[in-house]
Amino acid sequence: MGYVNEDFQKQYQKDWYQDNKDRLRENRKRNKYKWRYNQPWSYRQDLFERQNGQCAICSTNIDLESCHQDHDHTCCDVGWGKTCGNCLRGLLCEGCNRGIGCFKDSPDALLAAIDYLSGHARVRT
């Protein structure tokens, strides 16, 4: 059964969405973080403050909204990109997140890369 005045209802819903879209977007973001990382959004905010708004690896300034939540991929396999919440490490910039991802989160691989780079360092004059 439809509304008595469907045009009025459609306009009301459209107006309500326009008036509340920022709040809805914020709620969606918080709910997605909670779903994926099993921690409240305040956990991310606290981590961001403890890191002084900087990447945990290279210390470049990062944005709370767009930085990457790093986690130990060997900890859990909850599925659908979800984590248990106990394996969260730090917030990273995109470059560092991609970098450790390329090394499959392996300290041994990263140390081998350091040895490789150190052995091929050029002497600058």
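Thr 83 is buried, with a relative accessibility of 4%. Here buried means under 20% relative accessible area, exposed means over 50%, and partly exposed covers what lies in between, using a 1.4 Å probe and protein chains only. Thr 83 sits in the loop between β1 and β2. Helices (H or I, at least four residues) and strands (E, at least two) are DSSP runs, numbered from the N terminus. The side chain of Thr 83 reaches the backbone nitrogen of Gly 85 at 3.3 Å.

The structure is a predicted model, in which local features need pLDDT of at least 70 and side-chain atom pairs count only at pLDDT 80 or more, while totals for chains, interfaces and linings use all residues. Residues are numbered from 1 along each chain as its sequence is written, and side-chain values use heavy atoms, with hydrogens and water left out.

In soluble globular proteins, nonpolar side chains tend to be buried together. The largest nonpolar core in this model has 15 residues, and Cys 55, Ile 62 and Leu 91 have the most contacts inside it. At least two residues of this core come from each of α1 (6-37), α2 (41-50), β2 (88-92) and α3 (94-102). A nonpolar core is a set of buried Ala, Val, Leu, Ile, Met, Phe, Trp, Tyr and Cys residues joined through side-chain atoms within 4.5 Å.

Ile 62 belongs to the loop between α2 and β1. With 12% relative accessibility, Ile 62 counts as buried. Leaving aside residues up to four places away in sequence, Ile 62 touches several residues, among them Phe 48, Cys 55, Cys 67, Leu 91 and Leu 92; contact means heavy atoms within 4.5 Å. Ile 62 and Leu 92 are 30 residues apart in sequence, and their C-alpha atoms are 7.5 Å apart in space.

Two residues can be looked at for their backbone angles. Most residues other than glycine have a negative phi, and most peptide bonds are trans. Asn 52 is not a glycine, and its phi is positive, near 55°. Asn 52 lies in the loop between α2 and β1 (68-71), and is exposed, with a relative accessible area of 61%. Lys 104, also not a glycine, has a positive phi of about 55°. Lys 104 is in the loop between α3 and α4 (107-119), and at 70% relative accessibility it counts as exposed.

Empty space is the next topic. Rolling a probe the size of a water molecule over the atoms shows where empty space is left. The largest pocket has a volume of about 340 Å³. Of the 19 residues that line this pocket, Arg 36, Tyr 37, Arg 44, Cys 67 and Gln 69 are the closest to its centre. α1, α2, β1 and α3 are the elements that give two or more residues to the lining, and α1 provides the largest share, five residues. By type, the lining divides into five nonpolar, seven polar and seven charged residues.

Two pairs of residues remain. Ser 42 lies in helix α2 and is partly exposed, with a relative accessible area of 35%. Tyr 116 is found in helix α4 and counts as exposed at 52% relative accessibility. Tyr 116 and Arg 25 are 91 residues apart in sequence and 45 Å apart in space, C-alpha to C-alpha.

How values were computed:
On a 1 Å grid over the protein atoms alone, a cavity is a set of points where a 1.4 Å probe fits but cannot get out, and a pocket is an open set with protein on both sides within 12 Å along at least five of seven lines; lining residues have an atom within 4 Å of a point. Grid points are joined across faces, edges and corners, and a volume is the space filled by probe spheres set on the points. Ala, Val, Leu, Ile, Met, Phe, Trp, Tyr, Cys and Pro count as nonpolar, Asp, Glu, Lys and Arg as charged, and the others, Gly among them, as polar. A polar contact is a pair of N or O atoms within 3.5 Å; within protein, one must be able to donate a hydrogen and the other to accept it, and residues adjacent in sequence count only if both atoms are side-chain atoms.
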